[in-house]
Amino acid sequence: MEEDDYFPNPDEEFEMMYADELEMMNEMDDDLDDRTLVQKPAPPTVRRSLNFCGSPTSEDKGNSKSASVLASTQNNLDDLPISSTAPDNSSSSRKRTIDDIFGDIDDIELEEASEKHGQPLKRSCKQLSVDPSFFLDEDLGFDSAQDKELELIDRINALRRKAFLEFNEGRSAASPANLKLKESNTLTKGVPKWPFVSVTSELGERVYVRIRSDEYIEEEVEKVSHKGDSCGLLRGRFSALKNEALSILEKKQQLEIEANAADIAALIPSEDGSRNTQVDTDNLWVVKYKPSGYAELLSEESVNRTLLHWLKLWDKVVFNRERKPQIKPKEDKKENRFQKKPFGQVMTDELDEQGRPQYKMVLLCGPPGLGKTTLAHMVAKLAGYNVVEVNASDDRSPEAFYTQLQAATQMKAVMGKDPKPNCLVMDEIDGAPAPSIETLIKFVLGKDVGKGRGKKKGSAAGILKRPVICICNDAYVPALRSLRQHAFVLHFPPTGSERLASRLMTIARKQRIKTDMGAMLALCEKTQNDIRSCLSLLHYFKSQSKPVRLSDVHQSNVGLKDVQKGLFSVWQEIFQIQRSKGGFTQAANDASRTSNVDNRTPDVKKGDSAIAYRIQRVLRTVQSHGDYNRLIQGVFENYLHMRLRDSSLNGLVKGLDWFSTTDLINTEIMTSQNYILMPYMAYAFPVWHILFGGLAWPKINYPNTAYEVSVKQGHTKQILAEMVKGMSPSVRVNCNESQLVSEILPLLLEILVPNFRPVSLQLYSLHEKKELSNLISVMIDYNLTYVQERTPEGTYVCNMDPNIEEVVYFGGSKPSRQLTYGTKQLVAREIDMEKMRRFELLSVSGQKNETLAPGKAQDKTQVPNNSDSDNTSEKVSPTVPNHLQKLKAKPVIKDMQTKDFFGRIVEIPLTPSTVKARSEAELKGDIWFHFKEGFNNAVRKTIRISDLL
Amino acid sequence: MSLWVDKYRPKSLSLLDYHKDQANQLKNLVKQGDFPHLLVYGPSGAGKKTRVTCLLRELYGPGVEKLRMESVPITTPSGKKLDIKTISSNYHIEVNPSDAGIYDRCVVMELVKNSAQTHQLDPTGQRDFKVVVLTEVDSLSVDAQHALRRTMEKYVSTCRLILISNSTSRVIPAIRSRCLGVRVAAPTQDQIISILQMACKKEGLSLPLDLAKKIVDKSERNLRLALLMCESCKVQETPLKEKQEPILPQWQVFLKDTARSIMHEQSPKQLMEVRGRLYELLSHNIPIQIIFKGLLKELVSNCDMKLKAVVVEEAAFFEHRVHQGSKGIFHLEAFVAKFMCIYKKFMEDSVIDMF
């Protein structure tokens, strides 16, 4: 019983129950008293007296035989007048007597009933030492013999006596005064007229108890039992009630049985389909056959255990419970066994200062359908937690995430019947945004350090005190990178095929699906041990309501998982012929073709089917991957490493033909966005598989050659572009890039290495000087120069600046002739000089052009300007209001006209020399500096850079 | 003072060394003051560009030679920004649309429109139209060519197009019909020899005839290559000698080695090696067509007569695929493998025949 579990000490519990019982009984008594008070003047005494004198009744029983004879005659005489004159009274009195005898019986009755209903009154009944057989007798319904009745009365009295002895003795110890008060037909103080038995009380009072005939008693009992409603204590007749109670009990039992039957029916479906479908619609099988206990978990035991162990480590901080020392050595042993396993991290039993395990989180990762979520829930429940799940369907923005975290880890359900601490399960965490995961990590760790947001609220309260389990499919999602460092990563290995298959078999048996182990194994293989999809497939087969055979599993198109394999595994699939696993897949094919197996050519058939299977397999793998271009590139760069059997190279040609075909298709797709052609690309892979596939393990390299080549190409292009950018336009016109690469540059490099003696420039002969100047002009035209560079060895080399040597020379080939280091330096210097010279030439010629034009203009405008400059300024000034006028610099009159004393302009005769000087000054540029003119009489001379060079 | 190629380039139509009839015709064409769109085509190194430059000079005078390089920013419809390098004078603009890769259509549309829509400001300028020179038209995408053809008609009053290409086969008929085709054939061997000798004479050297012939042979009637070779010979040994071997471009040497290795052995391993070499060539930006051509030439030269036709056919097939597809190496390797297969079979058969 439940109560037993709650209260380990049965005695205490009994006391409590007993107290209740006492209370209830007291209440009953009071109730009875009240009722009797209402109905008659002095009932309690009557009852008590009867109770009190239980022994006389037993006496009464003893001499019943003698008394009954007397009573039979007397009774009739008595009864008739009483009943006729005062029916009410008589009935009440009669009732009273019966009440007195049986009045309290419903205490017992109730108790008994309650016991039968499984209520906790049982113990009190036991206490009263009620014999169940007594009630069994009662079930017979009072139609038994008289002595049975007597026995009944006797027992009731005995019970009551006992009860009173126990309950009421101390309290209302049956005061003699009360006893004297009784006034009834049954007991009289005086000597009655009817047959009696005299009883003397302890106090010496003599009481006469009336002896009734057996018939009378029987009648009375009958009356009481048939009394019905007027009684008020019982709703109906006792036996009716009894029956009712029994029927209720029976019904309950029936219901229970029915429920069980339904359960059983659910487990073992009957033949008729209607019932089945009804059951099936209730639940998905995935839900229905969810493991109900730890032992039923399909995931690998070590993982389960590790997770449970980790959760148990939290016990100290969560439940404030030390780990039991006697278990410890055992667990340590287990732990050691685990530690041998190649986990990335090793979980230790050590707790930190807060009593928490080293890792605050566990990250469960594995492909879908292995039961990660189920495991997390199961284990958390087992460890006594209330699971709070946060999955992808919830709002996982950082703020919402944080509130959820806080709610789950720092609060506790109080409303439930048994509040348990929370355990946070973060499902599908790989889909959560990175900031949310950051929040999680901060929450888990930041508190630990004491820097987190929680510190504001309080030091100890902020610490994470609840376990957090994170679940993901792919642990290597970039967002989880930091999480992986802080969490204990548990990789979920795929479920064993055999284990899964046997479970599927049990389920199939329960569902009455006719199948065999082989089919189930095939199913597991097909779904790659995904429990969920296995069950769905099985469900699907069930709905078809026919036996599931191996061929069905193979042929069905449903349930094929679009599992995207990694690039390498796809390539491997292409290059490696899968050996049939113990004839398993082979058998499948054979089985499907058993009908048309030809005895003559079984090998051919077999081979054919194998090839068909291989083609299917490769095609499916490739199609599910989808990135055809990269796959093609991978095949292209690896196929030549495979061992090719044919010496005629025909296979090679065929394969390459497919390569170029796929390229054509791809180009067409890319240029015209005609994606309808996309599916056709996949068909090249089976061809390659047939042509190049081998049984040996293929060593596959990642295809990066094409990428490297394109990088190099880009580099070359960059060099060329750099070169072209600075080329002189006249040269540039006559060479485009392809010509540069293929024709000009290779020979240009040969031309740019004239023979120079390794001597100083000054010692060069005229011819050499000419050569040099030619070389330099060519190099400038083509925007080339030499640059000093430091090699890793520490020596200096001169390289061409846009390094066209790289463009021109292949592999190991080196230029046949090269200029010496010194010459290159010399050339580089000369190039710089020449460039400066040219630049100056250009600027000087530009200057001339520019200065000429404004000079002329100035001459033209100067004349009128001078004449009416005064007038214009005077004219302008009045138009502008005073406050808006601004200070303006007075126009400087360039030609200071010399005036004589009277203000008349003195005409200076223009000498030709001054005119020439002025025009020259105007021609030669805008600004002239006269350095310390007038103080220095040193010879001034214009020196150009060209003169210096 | 520059390379002989540039130094001895004729500047006007009357100074051209060969195809003088054609030069005269062009001169007459220009004399009228107007001319249709031109499509100048011919093999590399035949003097197409020289001819066009001369034509422009004839048209606008020496002002055409004042060239400047500009980079024109162009925004594609997808929002990508490109810089296209142009060479222009006051009278003409020259552009290589294939620089822009797949966006050549935008370049053609933008540039041609821009230059065509602006009229010559100076009424004293000789012509009321500008010239747009488009080079490497054969690598122009079909889209761009289609974009071009309407523009050509629309702006015919303000702009003339001169298209330069190696062959007309990749120019769409619509454009071909809108242009006056001018074929510039490669100079004959004698013409090249005379030009080489003339150049050497001006340089104060004497060119032995044997060497000149060798150069012509090696240059494959490519005048530019011939002149460059000649100059490189001069750099090698100053008084030119008969025995001198003209230097070949490095990639040609490399390609020849590759062809030799294909002939040497036919196996997947060898194919792998050949692929490496082809990749090397591609990474040096050698156009794949040139690789194809060079390879085929080398391979065919060593083949039996019966094989030649087959090999050439295969080469044509795969070369065509190169143009259709985008990954050249696939087709190149496919060709090499095909050749290996054919050659191997032939060799085995002939060995069997011998016994």
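Guide: Two strands pair if DSSP finds at least two bridges between them. The model discussed here is predicted.

Visitor: Which residue stands opposite A:Thr200 in β3(A)?

Guide: β2(A) and strand β3 (residues 206-210) of chain A run antiparallel and are joined by five bridges. Within this pairing, the residue of β3(A) that stands opposite A:Thr200 is A:Arg206.

Visitor: Which are the edge strands of chain A?

Guide: The open sheet has three strands, with antiparallel pairing in the order β1-β3-β2 (chain A). An edge strand pairs on one side only, and this holds for β1 (187-188) and β2 (196-200) of chain A. The edge strands are therefore β1(A) and β2(A).

Visitor: What share of the area buried between chain B and chain A do carbon and sulfur atoms give?

Guide: The contact draws 74 residues from chain A and 63 residues from chain B. The buried area is about 6,000 Å², and the share given by carbon and sulfur atoms is 63%.

Visitor: Which residue of chain B meets A:Glu771 in a salt bridge?

Guide: The interface of chain B and chain A holds three salt bridges. In one of them, at 3.1 Å from N to O, the side chain of A:Glu771 meets that of B:Lys234.

Visitor: Which element supplies the largest share of the side of chain B that touches chain A?

Guide: Between chain B and chain A, 18 residue pairs are in polar contact. Elements of chain B that each supply at least two residues to this side include β2 (68-75), α9 (223-236) and α14 (328-354). The largest share, ten residues, comes from α14(B).

Technical notes
Residues numbered from 1 in each chain as written. Chains lettered and ligands numbered in written order. Predicted model: local features only at pLDDT ≥ 70, side-chain atom pairs only at ≥ 80, totals over all residues. Heavy atoms only, no water. Contact = heavy atoms within 4.5 Å. Buried area = accessible area lost by both parts, 1.4 Å probe. Salt bridge = Lys/Arg side-chain N within 4 Å of Asp/Glu carboxyl O. Polar contact = N/O pair within 3.5 Å; in protein donor to acceptor, adjacent residues only side chain to side chain. Helix = DSSP H or I, 4+ residues; strand = E, 2+ residues; numbered from the N terminus.
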